[in-house]
Amino acid sequence: LAAYCQDHLPEACYTDIFPDDLAEAEVYGTLMGRKALGFLSPVNVSTITQVAKDDLGLLPQPKNPNFKGALAEIYVRCKPFGG
């Protein structure tokens, strides 16, 4: 996996992913988003804080989105590369 942090690649990131793999991930992400529309309801996210170092790889927010979602990530501080 090109963007998987490992001991010999501690700085692996989104831009390391091959373009073909990114395109395929976009297809699956879109499919999951459409499927999620059928069972998601609004969630109060007013108390969520951002601790990410950056938003590298995230697309800009669309002006008129078809649906809204949240990107959540778990980072375990005591584990290498966040667990």
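The following paragraphs lead from the overall form of the protein chain to a few of its residues. This is a predicted model, in which local features need pLDDT of at least 70 and side-chain atom pairs count only at pLDDT 80 or more, while totals for chains, interfaces and linings use all residues. Residues are numbered from 1 along each chain as its sequence is written, and side-chain values use heavy atoms, with hydrogens and water left out.

The protein chain holds one helix and zero strands, where helices (H or I, at least four residues) and strands (E, at least two) are DSSP runs numbered from the N terminus. Its radius of gyration, taken over C-alpha atoms, is 15 Å, well over the 12 Å that the globule rule (2.2 Å times the number of residues to the power 0.38) gives for 83 residues, so the chain is more spread out than a compact globule. Along the principal axes, the C-alpha atoms fill a box of roughly 40 × 35 × 25 Å.

Buried residues make up 5% of the 83 residues, with buried meaning under 20% relative accessible area, exposed over 50%, and partly exposed in between (1.4 Å probe, protein chains only).

Helix α1 spans residues 19-36 and contains Y28, which counts as partly exposed because its relative accessibility is 48%. In the segment after α1 lies L37, and this residue L37, at 45% relative accessibility, likewise counts as partly exposed. L37 and A25 are twelve residues apart in sequence, and their C-alpha atoms are 19 Å apart in space.
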